[in-house]
Structures are given as C-alpha cells and as structure tokens.
Amino acid sequence: MASRATLVLAMGLGALLWGATPAFATSPTVEAAREAEPQGSGYRNVAETTEMLQDVGGGLKVSMRVVTLVPNRGYTPIQVTVHNSGGQPRPVRLSINAQGRLIERSLELAPRERTVTWLMMPADLQSGTLTMSSPGLDTASRGFYLDGARGARVMVLGDVKAFEAATGLVYSPENVEPLVATRFVEPRTAPRELAAYAGYDAVLVTVPADQVPDDVWAVLETYAVSGGKLVLDQPPANPRLRLPLLQDDKAELSPYGFGFVRQFRECRKQEPGCGFSLWEDTQRSQSVVTPAGPPPRWERHDLLNDGRLPLLSSARAPVGRFLLLIFLFTLAVGPGGWMLARSKGPLAVLIAVPSLAVLTSLGLVAWSVLVDGFNVHAARYSLTLLDRERSRAVTVGINAWYANLAEDGMRMPGSSVLLSARDPEEPPRFLDWTNGLAVKNSFLPSRSYREWGELAVVPSRARLAVHRAGGGVRVQNALGAPLKGGTVKLDGRFWALPELADGAEGAATPLDAAPEDLLGMEHEPLSRFADGVMPLSRALEDGAFVARLGGRGFTPTAALDVELEAALHVVRGQAEEARR
C-alpha cells in the first residue's frame with residue numbers, strides 16, 4: 001500500500017510540474033507563435049442603420065441613425081431626420097430619455113420641409129429612448145443602443161470608399177484589433193455644434209472642400225483651434241482660406257491653436273501610409289482639459305480620482321477645527337460632566353449634556369452659514385489664445401464649484417462645450433440643445449464639489465497695448481480683467497508686465513532673459529490641462545506676450561454669479577503697439 005501511495009504521489013507531482021512548466025518558461029516555438037499573432041491594423045466600421053419611428057399621421061415622419069459610435073468623452077451626436085410632408089407648419093419636440101436623464105431639442109418645421117438635426121447625448125450613456133411629440137399628434141418613441149468600441153475613435157466626413165482610398169486601411173477582421181474605429185457622416189448634413197466633434201479623437205474629412213458647407217467648415221475650424229485633431233484627405237488649394245491660423249499651408253502636420261491639423265501629402269508616398277498617421281494623431285493627448293471626478297469605489301480614501309486634490313479650499317472639511325471642537329465637547333461631557341455631577345447632582349448632568357450637544361450642533365450650522373454662506377463658491381483657471389485679427393478668444397478652462405444650495409442651470413452657446421468628469425456623480429438631469437446648451441436641474445448639487453471643463457471660442461476685443469516712452473515701455477491693460485503680471489517681447493528684449501487694474505497703464509520692467517515659467521500656475525490646476533499648456537509655454541516671438549489675469553475669465557460660465565475664491569487666467573497673444 002505504501003509503495004502504491006508513493007507511486008500515485010510521484011505521478012501527481014509530475015503532472016503538476018508538467019502543467020506548471022509553461023508558466024515559468026516559454027519555449028521558442030511558443031514565442032514564435034505569439035509573435036505571429038495578429039496585431040492592431042485596419043479599421044473597424046461601426047455600421048449605422050436608419051430606423052423609422054411609427055407613423056403618427058399629420059404628414060410627419062421621423063427616423064434616426066443607430067448604432068452610433070460613442071466617443072471617449074463629451075457627447076455622442078445622435079442623428080434624427082424629421083420630414084413634414086403636410087401643408088401646415090409643425091412644432092416638433094425631440095427628446096431622449098436615458099437613465100432618468102432627459103436630452104431634448106425643439107424644432108419648427110415649415111410646410112414640406114425635411115431637416116436633419118442632432119441631439120448630443122452625454123458619452124457616459126450607452127442606450128436610451130427617442131421620443132417625438134407634436135401638438136395634436138400621437139407620441140412616437142423607439143429604444144436604441146450605442147456602440148462603445150475600445151481604442152481610438154474617429155468621425156469621418158465622407159463615405160467608406162473614400163476613407164479606404166485615403167488611408168490605405170482595410171476592414172479589420174473580428175479577431176484583429178483595429179487601429180481605429182470609425183463613424184461616417186454625410187458632410188452636407190454634418191452637425192453645426194462644436195460639442196458634436198469635441199469628444200472624438202480625430203475628425204477626418206475625405207471630400208473636397210467645396211463639398212463641405214461653409215458653416216460646417218467654421219465648426220471644424222473651431223474644433224481644431226480648441227484642441228481637436230482635424231485631418232484633411234484633400235486639402236484645399238489655399239488652406240488658409242479655411243484654416244486662417246496655419247503657419248505653413250504645405251506642412252503635413254501643423255499645430256493649430258490648442259489642436260493640430262494634418263494634411264495628407266507626403267504620407268501617401270511613405271510606408272506604412274496615411275492610415276498609420278491618422279492613428280498616430282489619435283494617440284496624442286486625449287483632451288486638452290480633464291476635470292477631476294470622484295475616485296472609484298476601491299480608492300475612496302482619495303478625495304478625487306488619480307489622487308488629485310480639490311481646487312477649492314471651501315470644498316475641504318476644516319478637519320483641524322472640527323477635531324478641536326470635538327475635543328472640547330469630549331472634555332465638557334466627560335470630566336466636565338463628572339465635576340458637574342459632584343457639585344450639582346445627576347439631574348444637572350441630564351440637563352447640561354443634551355443642551356451642550358444642541359449648542360454644538362447649532363455652532364456647526366452657524367459655521368456653515370457664516371463661512372460657506374449661500375453663495376456659489378468657485379475657483380476658475382483657464383488658458384486663452386487671443387486671435388486679434390478675427391477678434392476672438394480661444395479658451396480652455398477648468399472650473400471648480402461648491403454650493404450649499406443647489407444651482408439648477410446655466411446656458412452655453414453653440415461655439416462652446418461643457419465637459420464633465422469621466423464618471424460623474426449626480427450628472428445634470430436635463431439638457432436642452434434648442435439654442436446651444438441649456439443645463440437644467442442638478443448643474444451643481446447642494447453641498448457637493450464639482451469640476452467642469454470648458455472649451456470656448458467667443459468674440460472678444462481684449463488686447464494689450466504697448467508703446468515706447470523714453471527708452472522704456474509702457475503698457476495699457478485692455479484685457480478686461482486685472483493684470484497680475486506676465487512677459488512681453490519687443491525688439492528681441494523681454495519686459496515684465498506690471499500689476500494693473502483693467503484699463504490702467506503702467507511701466508514694464510526690463511528682463512535679462514525670458515522667465516523659465518511663463519504660466520505661473522500651481523500644480524493642481526496645471527494637472528487638469530494635459531498638453532493644453534504647450535501653445536502658451538513655447539518661446540515668445542517678437543511682439544508676443546503672455547499675461548496672467550484675475551477675474552472670471554473668458555468662458556461662458558463667467559456670467560454666473562459666484563464668490564470667487566481663486567482665479568488665474570493665462571492669456572497669450574500679439575501686443576498692439578500704439579504710436580504717440
């Protein structure tokens with residue numbers, strides 16, 4: 001029996017070692033097989049189908065495009081076509097209900113009008129129900145699901161045939177990881193809002209410039225200058241007519257504001273081709289601004305995700321003061337209660353301890369009211385490029401908010417985008433896209449810290465005027481906010497900008513060399529901007545300036561009435577030289 005048991009044990013150990021061997025050592029044959037496995041190549045086409053909603057009569061027909069590729073961030077544009085074949089004008093309300101959140105747009109259709117419109121759905125949603133309603137007609141609805149592919153996601157203005165000819169990519173089999181996932185959009189009906197493009201890793205235009213409407217080109221240029229990667233398969237003969245900030249209109253890849261513009265030129269003659277260049281563009285910084293959200297469940301010891309700290313001091317509990325208050329309360333209830341019982345008796349303790357607890361609670365409430373108050377507290381940081389020739393400000397901003405009472409809503413124009421953290425808690429429940437974006441209900445929940453990112457291209461006459469006086473330089477602040485400092489370069493020399501109120505004038509101080517840090521922004525807000533700092537931190541050319549401003553900044557949320565706790569807005573542009 002012993003010998004049989006020994007034999008069984010030896011066989012078991014041998015089998016265990018045989019099975020474990022591949023975990024510790026890999027044969028050359030296995031390594032060769034692994035190297036032969038298919039790597040990322042080709043593209044994956046997220047095919048969309050047109051689905052009709054049920055006929056509601058009255059000559060009104062509605063259809064939508066599904067299954068749509070969800071971007072990595074921002075908003076997913078949902079295409080809806082409405083056709084009024086009747087002889088009367090029709091008001092139409094389109095809405096998407098998804099996980100208790102409502103996204104809607106209202107339209108007014110003329111007789112026999114057919115229109116294509118878009119509803120921007122937050123990218124953290126994967127499904128919903130589209131509903132169409134019109135006075136006097138039944139309500140029509142249809143559920144849908146979206147596609148959330150892994151990796152790079154590209155919106156293509158054009159068709160599949162033109163995309164394959166431009167990039168040299170072929171459709172990727174199911175067992176091969178694609179370089180990019182694509183969504184194809186008809187250029188003439190493409191979205192006219194910046195929010196429809198901002199979430200995608202790149203936007204590729206495969207058709208000639210004259211096949212893209214002017215208002216769509218304007219949005220694409222806004223997308224590029226505010227941090228997007230715009231790729232042109234067939235660049236126009238004079239690219240600066242469409243993209244006025246291009247420095248070299250023949251360059252393959254050019255920085256453009258906060259983003260990049262690529263023109264397929266030399267890559268057509270090189271290996272591995274333009275498709276690989278497109279993929280490289282998607283691997284650049286995924287977003288020029290990344291608001292910090294709540295940490296995942298397994299990291300609840302952190303205040304925010306990735307170990308970040310809130311930008312608002314009022315959003316952090318005053319732990320030291322509360323511990324002192326608790327310590328004093330413990331002394332009063334413990335030793336103080338014992339002394340009171342000895343001198344006054346147990347009845348006094350029964351009265352004093354609850355009374356002391358009530359007073360402590362009232363003290364905490366009074367602290368909240370007197371210190372936090374009922375105002376919205378905010379910290380605002382932004383990076384701005386001034387385009388003086390076109391009288392506009394291109395801004396990337398991060399805003400931190402805290403409110404004792406909920407702030408229900410705010411409004412954004414179509415040339416701006418409001419970006420939430422990746423996995424927001426209590427996201428806004430009502431988004432209206434009728435005229436830009438109107439956020440209603442839960443923009444700022446009560447007693448909650450929130451960060452919102454912003455991309456905005458808005459009209460602006462802000463400028464910095466300089467003039468030479470007696471061998472020195474004087475500066476006039478016409479930037480619309482208090483000037484906290486900065487640097488300007490004139491005739492090869494660097495000058496330090498003085499602190500000036502808005503509209504004031506002062507003398508600049510000569511510098512031996514350019515400062516090492518042009519931005520002067522602290523680590524926490526700077527960490528939210530990723531590569532957004534690069535356009536402002538590059539070396540100054542002659543006549544250029546970088547200024548640090550206070551105030552509320554250039555983004556649309558600056559209109560909200562807040563108690564500003566911290567603010568820094570870094571602005572770069574060309575100084576306006578005044579002659580006197």
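I began with the open sheet of four strands, which runs 2-3-4-7 with antiparallel pairing. Strands here are DSSP runs of E with at least two residues, helices are runs of H or I with at least four residues, and both are numbered from the N terminus. I call two strands paired if DSSP finds at least two bridges between them. At the edges I found strand 2 (49-52) and strand 7 (114-122), each pairing on one side only. The twist from one strand to the next averages 30°; axes are lines fitted to C-alpha atoms, for helices over the stretch in contact, with angles from 0 to 180 degrees between N-to-C directions. Between strand 2 and strand 3 (residues 60-66) I noted four bridges in the antiparallel sense. Glutamate 51 sits opposite methionine 64 of strand 3.

Ground rules for all entries: this is a predicted model, where local features need pLDDT of at least 70 and side-chain atom pairs count only at pLDDT 80 or more, while totals for chains, interfaces and linings use all residues. Residues are numbered from 1 along each chain as its sequence is written, and side-chain values use heavy atoms, with hydrogens and water left out.

Next I traced an open sheet of seven strands, ordered 9-8-5-6-20-21-18 with mixed pairing. Strand 9 (140-145) and strand 18 (410-412) each have a single partner strand, so one side of each is left without a neighbour in the sheet. Neighbouring strands are turned by 20° against each other on average, direction ignored. I looked at strand 6 (residues 101-109) and strand 20 (residues 430-432): they run parallel and are joined by three bridges. Glutamate 104 stands opposite aspartate 432 in strand 20.

**Salt bridges**

Glutamate 104 came up again, as it forms a salt bridge with arginine 93, closest N and O atoms 2.7 Å apart. A salt bridge means a side-chain nitrogen of Lys or Arg within 4 Å of a carboxyl oxygen of Asp or Glu. Glutamate 104 is in strand 6 and arginine 93 in strand 5 (residues 90-98), 11 residues apart. I checked cover too: glutamate 104 counts as buried at 8% relative accessibility, whereas arginine 93 counts as partly exposed at 31%. The cut-offs are under 20% relative accessible area for buried, over 50% for exposed and partly exposed in between (1.4 Å probe, protein chains only).

I counted 26 salt bridges in the structure. In another of them, arginine 44 meets aspartate 147 with closest N and O atoms 2.9 Å apart. Arginine 44 is in strand 1 (residues 43-45) and aspartate 147 in the loop between strand 9 and strand 10 (152-157), 103 residues apart. Arginine 44 is partly exposed at 28%; aspartate 147 is buried at 17%.

I also looked up arginine 242 with aspartate 214, whose closest N and O atoms are 3.2 Å apart. Arginine 242 is partly exposed at 25%, and aspartate 214 is exposed at 58%.

One network of salt bridges went into the notes as well: Glu221, Asp387, Glu389, Arg390 and Arg392.

I found a cis peptide bond between valine 66 and valine 67, omega about 5°. Valine 67 is in the loop between strand 3 and strand 4 (75-84). Another cis bond runs from glutamate 271 to proline 272, with omega near 5°. Proline 272 belongs to the loop between strand 15 (259-263) and helix 6 (274-282).

Then I noted positive phi values. Serine 391, which is not a glycine, has phi near 50°; this serine is in the loop between strand 16 (376-387) and strand 17 (392-403) and is partly exposed at 23%. Aspartate 491 also has a positive phi, about 50°, in the loop between strand 25 (483-490) and strand 26 (493-496), and is exposed at 56%.

**Whole chain**

I wrote down 11 helices and 31 strands. Of the 580 residues, 48% count as buried. Among contacts (heavy atoms within 4.5 Å) between residues at least 6 apart in sequence, 68% join residues at least 24 apart.
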